[in-house]
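Here's a quick briefing to read with the model open beside you. Take it topic by topic.

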Amino acid sequence: MTHGVGTKGKGPAAYLLLEDGTLYKGLPFGYRGGSNSGEVVFNTGMTGYQEVLTDPSYAGQIVTMTYPLIGNYGINSGDAESVRPQVRGFIVREACARPSNYRSEKTLDHYLAQYGIPGIAGIDTRSLTRRIREYGTLRGAIINQAAREEGWEGEALQTLRRGGRVNLVELQEQMEASAREYWTEQLKSVQKLLVAGPHLVRSVTTPQAYVIPGDGYRVAVLDFGIKENILRMLKALDCHLMVFPADTPAEEIASAAPEGLFLSNGPGDPTDVPEAIETVRAFLNGTAAPLPIFGICLGHQLTALAAGADAYKLKFGHRGANHPVKDLRTGRVFITSQNHGYAIDEATLPKELVVSHRNANDGTVEGLRHIHLPVYSVQYHPEAAPGPEDSAYLFDEFIANMAQRTQKALA
Amino acid sequence: MPKDPTLKKVLVIGSGPIIIGQAAEFDYAGTQACKALKEEGLEVVLVNSNPATIMTDANIADHVYIEPLNVPSLTRIIDQERPDGLLPTLGGQTGLNLAVALSQAGVLEKYQVRLLGTSIEAIKKAEDRELFKQTMQDLNEPIPLSDIVSNLDQAVAFANKTGYPLIIRPAYTLGGTGGGIAHNETELLTICDMGLKKSMIGQVLLEQSVAGWKEIEYEVMRDANHNCITICNMENFDPVGIHTGDSIVVAPSQTLTDKEYQMLRTAALKIIRELKVEGGCNVQFALHPFKCEYIVIEVNPRVSRSSALASKATGYPIAKMAAKIAIGLTLDEITNPVTGKTTACFEPTLDYCVVKIPRWPFDKFVTADRTLTTQMKATGEVMAIDRTFEGALQKAVRSLETGVYGLRLPGAATWTDIEIENKLKKADDERLFAVAQAFRRDWSVREIHQISQIDPWFLVKIKGLVDFEAQLEKWPVDEEVLREAKVLGFSDYQIAKIANISTQLVREARKTYDILPTYKMVDTCAAEFEAATPYYYSTYEEEDEVRQTEGQKVIVLGSGPIRIGQGIEFDYCSVHAAWALRDCGVESIIINNNPETVSTDFDTADKLFFEPLALEDVLNIVEKEKPEGVVVQFGGQTAINLAAGLREHGVKILGTSLEGIDAAEDRKKFEALLKSLGIPQSEGKTATSAAEAKAIAEELGFPVLVRPSYVIGGRAMEVVENVKDLESYMETAVRISPKHPILVDKYIRGKEVEVDAISDGTDTLIPGIFEHIERAGVHSGDSMAVYPPQTLTTAERETIVDYTLRIAKALQVVGLLNIQYVVDNQGKVYVLEVNPRASRTVPILSKVTGVPMIKVAVQIMLGKSLAELGYGTGLWPETAYTIVKAPVFSFEKLTDVDISLGPEMKSTGEVMGVDFELSSALYKAMTGAGMKIPTSGTLLVSVAERDKEEVAGLIRDYADLGFKIIATQQTASALKRAGITVTTVNTADHSLQLLLDQIKDGAIQLVINTPTRGKVAGRPGFRIRRAASEYRVPCLTSLDTAGALLEAIRMIRDGNPPSYQAMGSYQDGNSAAWWDKLKELAG
């Protein structure tokens, strides 16, 4: 079954192949010189595609936006959540060729091309979303017809050398068929696609520790692929930020004499970063001197795992800017920005951790709180970018916890 | 928080008649609210003066009052009903203003009625300019430099400080009445003067203009537990400077980065929190196009036109949720009715693009100023949904039904470059087409942006469409081009026009290539969750989501945008048709494109297709759904016009056959039919030249009724008294030629009578007869009308019934028909016209007579007979009470329009007055229509030559009541001759100005002016009428209306204030015959 909407016959096509065999035909944009594969997920935000593209938590994934008109306001240097786009591919209904916004510096097409990320447009993204909803997250590949990596050009050369004529249409069809075959085989295996595993966090964490100086509290930031806006917000609160690579042991962190520990967002399965779980555990079980801890997203999951809970993979995850989360203490619901494929299994929570926030739609755990220690974490993104700014108050609580600790120390 | 247990009975205030700025959206909101309150077990009392609404149906509320919306009436009703709470946020500005007035009058306190949803304080903070400014300053939310002034000197002083342009907004008005933009001192003085008069509190706001900035709106909601959510944001295609109701609007915003989106979202939530609104709220922003800077333009702490649009654009039922929140529920306790599983406390996300285009009345008001400003002029709007902006835009244009397909406006090719530039700069209703025309002339995006300040994103899209036209010209039936064309929203007809080929060819090519639309669902959540609501739009993609259903289905065609001549009544009919089908066990499918309506609510029909009412779009749905047939009787002329095309494509039309429709609509066939039945019709002939017209007129004898041969709603129709006037009519109003003939009819002086009937082809039931107060010559939509008729003799009545039965039978009517008659002074009955469809008066007659007309008509269309249904043939028993229907106009919004009544319809809405006494019903209808009934004071009279004799008796009655009479020269002489004391006023230039000043200053309480020859804007009569309208002095342009008013004045002067009762109580007074009939049916 081939899908293709409003894709004019001219020029090479691109394909989106899913592990269930579904094939969509579309138009290539961004990087046209190669194909790429990953886990296909959808994001329901209507704005914020640049923040999504640059969010390191999307490492290993091909993202589709459910909103059809993407790229309208271009790409600007101020809205990046990391130094480069992190997705493996990007699927849209329509990629805007002439963006309009005073801050726009380049088009989406140009940006993705620059970083070698293939995009595909002209896709019935709603049908794709419905497929993901029904099937669960799928592996998929964006296959560029123009790509040479599968030796298509070589094929033509060989034909010529054999004295044959190159029939472009026939050759294209052959090449398409062989590419499809190749990728169908590839998509069968998680390992081959590298969509899970320790390498994901490793690819987005900082290679070495660095400091963002500030006059306030000394915060150790464990970077699993941190979003720029988290750093911005902590900085705005005057924090002195000491950013550590994901595999930094607890002693090393402790030796920097932090007043608080922040656990960042990041890609993939929390069990793929066991060393980080160890690190957090040390701060929970007294191996290291206890600190106020605040975890977001993967940081939240690692906190829970360090305390003994388990995580499980959601059918298709939560990705968007409209997810309602209830603060169980006040009964108030906040609209949150989310991006996660895993969640904490409430049944496995140790008694020290209580659920503080819950998803108002499916009831999944959205926030945890330690009953003795100043440790709390949320599954969603209070730093927004993209998404609602409603939950920024959670950062204040982290500051308050550090203040309280200092007061206690002084007392 | 669960529902407040102390609330048992709630009063809901409706928004009254349809006027510019307040249309069907409040029937939609109010109906949803009443249903939601009843769902929660509350007793609901509803007051609304507009009988053409769904919300005033007996089953929507527990006690329905169709009574005037003012403080005295509501006070009486509150006293009778003793509600615990009052919900004012669903009745538009009318509801809000009334709530404030009731609170100020101490009524709410006296009867201990709690205001629900929004506090008086919040209303004031949002509506009172000074408090608003203070509130925004406290919140640190930016607003433009501004000042509140209450006189002209202050205004000038402020302008001297800030410079021009300045925006002027009166406090407490709706639709921006009396506002405008001043570019210099003269304009400032004119607009301010008007604004000060219009404001309920004599204040206007002057503010620094941010014209040219992006205009962005947010619809937000909040509950008592401080949960705040955004339902939708919207971006105006037209930058700040044009009222949002007159702007093309797109949802969601297209050119905002996430930072900008969230910045404004956060501000909107901050504001709703501060105002502590429990319900919906609309916040309008201006966003600087080149800087991270914004200002808050306006806050509406209530459900609005924008929230109706947002509800339809997202699928989220704002009004329903607002009502539930108002009685204490919190958002998270409510389930999202669209998904049926997730919470209502979330933010809808769209996976399509929505475009709204206003529908303006300039086709009816050719002399009106078409420039778009901060004062709204549109009567209605259309909305379209697609996965591309281009598709949504073109579908919306098609939905307007202005004869324009796509972006090619007929005549635009003849515009000069200067004209185009003017249209781009100073926007009018044709700006969208001017943009396209400019691109056709190779203007650049940059140039057009600089002139119009429209965001380049929109311009690039339009340029793309114009460029694509070139491809279509060359390769209209190429598969790839055609596929792309459909994605971009081009219709087959439009492609055929562009390529100069037949629609048939395009259609067949498309079908051969298998290029068919797919239908996607509006589900609030971009497919993240499975949705339960069958609300669809078309797009050209891969996957179709329509759930195929088995069993009998019928499509009901809606009536499209609200316009003059086709209003909310037809939505009422469509909704009832859907409900009737459901009751009969038939699946109902509605097609409509008006976001303001109940018919486009997701749970009205079994399936809703939000689509243009154009042949191709309807056929596509027919082919998808394969219904039993299509019902065209309930969607006004819009639906009737589609009948022939549908039949041509083999679609079954339910009800009256196409031949029957044609026989009624085709003048020649109809004439022949009446002749064969021996039923008299006013004589008339067709003229193709001025000479011929004169000859015909002389042969028939003056006065004659003249009009172009193909007209809708009586456009350019006039009663002409003599040869001179006929000549002038042919020079100014119409162009006569063999291709464009005019019709000349004998004008019969007499009373006009209107009949609505239901027929099964054999038997015909007449639920009631309406008698017009104004004599024939005033369009039936603009006439006051009385039921049951007051002056018809038994013989006249019998003749009317007899004619109706015979015409229905001859036309083989199956369903509804409407006939207008005129009865001359000798009691002879003539037929004026027959409409083989539901008419404007069906909703009101259904409510008043107790006959569920639409339901009966639907049952008949499905094969039942009147006899089987228990209705006999002939006239239904009359009620004990009398009702008066009065038209409501929006002249204050439309400058340069003559307010005089004539054969051309001008009203935008209507109200109903009901009582056991005619005088009380008249009084209620008039006050309900917003007339300040003067009981004493000065009466200015100026009548046409023909009325000079007749007017004397009437004026003597006014003089006897103590009115001081002043009159223009000739009228004054006539009155003096009749022995009436009168002061003569001069209408020469200077004196006229003095007279106008008197009107302005409130020295005149009533004007009676019958126009000689309408259309000339500079004439004294015209200026007097305009002045009266603008300064809200009642101005009657028909002696009959003046006579009716006299009745009402006498009634109040006699000291008998009317009582106000629920419809049920009036019905209790009905005759035994009426009740027997009703019981018979129930049994």
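A residue is called buried if 20 or more other C-beta atoms lie within 10 Å of its own, exposed if 12 or fewer, and partly exposed in between, with C-beta atoms placed from the backbone. By that count Gln284(B) is buried, because it has 20 C-beta neighbours inside 10 Å. Keep in mind that this is a predicted model: local features need pLDDT of at least 70, side-chain atom pairs count only at pLDDT 80 or more, and totals for chains, interfaces and linings use all residues. Residues are numbered from 1 along each chain as its sequence is written, while chains are lettered from A and ligands numbered from 1 in the order in which they are written.

**The annotated pair**
- An unreviewed UniProt entry puts a "binding site" annotation on Gln284(B) and Glu298(B); such annotations may be inferred rather than shown by experiment, and positions follow the numbering used here, with feature names shortened.
- Gln284(B) sits in strand E13 (residues 279-287) of chain B; helices (H or I, at least four residues) and strands (E, at least two) are DSSP runs numbered from the N terminus.
- Glu298(B) belongs to strand E14 (residues 294-300) of chain B, and is partly exposed, with 17 other C-beta atoms within 10 Å.
- Leaving out residues up to four places away in sequence, Gln284(B) touches Glu215(B), Glu217(B), Thr244(B), Ile297(B) and Glu298(B) (contact: C-beta atoms, placed from the backbone, within 7 Å).

**Where the chains meet**
- Chain A puts 44 residues into the contact and chain B 48 residues.
- H3(A) gives the most to the chain A side, with five residues.
- That side of chain A splits into 14 nonpolar, 16 polar and 14 charged residues (Ala, Val, Leu, Ile, Met, Phe, Trp, Tyr, Cys and Pro count as nonpolar, Asp, Glu, Lys and Arg as charged, and the others, Gly among them, as polar).

**A sheet in chain B**
- Four strands form an open, antiparallel sheet in the order E6-E9-E7-E8 (chain B), where two strands pair if DSSP finds at least two bridges between them.
- At the edges are strand E6 (146-149) and strand E8 (180-182) of chain B, each pairing on one side only.
- Three bridges join strand E7 (residues 166-170) of chain B to E8(B), and the two run antiparallel.
- In that pairing, Leu166(B) stands opposite Ala182(B) in E8(B).

Methods: Contact = placed C-beta atoms within 7 Å.
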